[in-house]
Amino acid sequence: MTSRGDDPPRGLSRRAFLRGGAAAGVLSTGLLRGVPPVEAAPAAAPKSEAGVPILGPGPVAIKLRVNGQEVALRLEPRVTLLDALRTRLELTGAKKVCDRGTCGACTVLLDGKAVYACSVLALEAQGGDVRTVESLGSVERMHPLQAAFVDHDAQQCGFCTPGFVMAAKALLDRNPSPSLAEIHHGLAGNFCRCGTYAGIRRAVLQLAEAGAANPDYAPGLPGAPEPGEIENPRPRRQKNKKRKKPRGTGDG
Ligand code: FES
Ligand code: FES
């Protein structure tokens, strides 16, 4: 019979072999009285790789500039800008809907550009100027864009509205008088499940015609398009009509 690897060496009884093994186990774990436990030296974590600093996985100190204020936070590097705004800074205007860069409900401005806050790490936003819908106005003193949304009933449940407002703000900041087609294109990254697109476009178009920078804007400004005046920029698909057979071409 072939010998197994755990058979006692020749000349050593099985009992003596087991006793020796148990003693060795105790020694190796440092539990024998008088023997200090041997601790494995922690592996030195690499601080950078290819010149790129490695952070985390624990919380790290970061600084953000949000709505004109500097804030210092400790966050795990994986935390998104959206979660930092909502859960740490209690700025809940930006909404968390898809959390994967699809719906636009979380839109904020980063250095004047509309971004999905769910798709930007808080760490990445350091050094930038973050603006949320809270920076625009209050219920008592609405920003003209917010007033235009109210004026045109541009929301139902309102969940998508802050994202649309910020996307529209970014659009109007870079192009104060966009055409309807440009508005359509500029808001293409935002979805409204209640289907309030027509009202939203009317609101933005009204502001575009009034001049986005006009501080004296008041709802009902002359020249604002009325419901139904704006054509749907997405033409309806024509249903395939059955072709009529020309007369006299029948088989019979
Ligand atoms: S929650 Fe960010 S795009 Fe939908
Ligand atoms: S108003 Fe409800 S999702 Fe847009």
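Biologist: What share of the contacts in the chain with a separation of 6 or more comes from residues 24 or more positions apart?

Modeller: They account for 55%. Two residues are in contact if their C-beta atoms, placed from the backbone, lie within 7 Å. This is a predicted model: local features need pLDDT of at least 70, side-chain atom pairs count only at pLDDT 80 or more, and totals for chains, interfaces and linings use all residues. Residues are numbered from 1 along each chain as its sequence is written, while chains are lettered from A and ligands numbered from 1 in the order in which they are written.

Biologist: How many helices and strands are there?

Modeller: The chain has six helices and seven strands. From the N terminus, the order is α-β-β-β-β-α-β-β-β-α-α-α-α.

Biologist: What makes β3 and β4 a pair?

Modeller: Pairing needs at least two DSSP bridges. β3 (residues 60-66) and β4 (residues 69-75) have seven, so they pair, in the antiparallel sense. Ile62 stands opposite Leu73 in β4. Two residues lie between the strands of this hairpin, and Asn67 there takes a positive phi near 50 degrees.

Biologist: What makes β5 and β7 a pair?

Modeller: β5 (residues 107-110) and β7 (residues 129-131) run antiparallel and share two bridges. The cut-off is at least two, so they pass. Leu109 faces Arg131 in β7.

Biologist: Why are β4 and β6 called edge strands?

Modeller: The open sheet has five strands, ordered β4-β3-β7-β5-β6, with mixed pairing. β4 and β6 (113-116) each pair on one side only. Neighbouring strands are turned by 40 degrees against each other on average, direction ignored. α4 packs on this sheet, touching β5 and β6.

Biologist: What makes Ala50 exposed?

Modeller: Ala50 has 4, so it is exposed. Ala50 sits in the loop between β1 (48-49) and β2 (52-53). Its phi is positive, about 50 degrees, although Ala50 is not a glycine. Most residues other than glycine have a negative phi.

Biologist: And why is Asp153 called partly exposed?

Modeller: Asp153 has 14 C-beta neighbours inside 10 Å, so it falls in the middle class. Its loop lies between α3 and α4.

Biologist: What makes α6 mostly covered?

Modeller: Eleven of its 14 residues are buried. Among them are Ile200, Val204 and Leu205. The buried residues pack against α3 (144-151), α4 (161-174) and α5 (180-186).

Biologist: Why is α3 called oblique to α6?

Modeller: Their angle is about 135 degrees, with the axes 8 Å apart. Axes are lines fitted to C-alpha atoms, for helices over the stretch in contact; angles run from 0 to 180 degrees between N-to-C directions. Under 35 degrees is roughly parallel, over 145 roughly antiparallel, 65 to 115 roughly perpendicular, and the rest oblique. The angle falls in the rest, so α3 is oblique to α6. The contact includes Leu145 and Phe149 of α3 and Leu207 of α6.

Terms used
Helices (H or I, at least four residues) and strands (E, at least two) are DSSP runs, numbered from the N terminus. A residue is buried if 20 or more other C-beta atoms lie within 10 Å of its own, exposed if 12 or fewer, and partly exposed in between; C-beta atoms are placed from the backbone.
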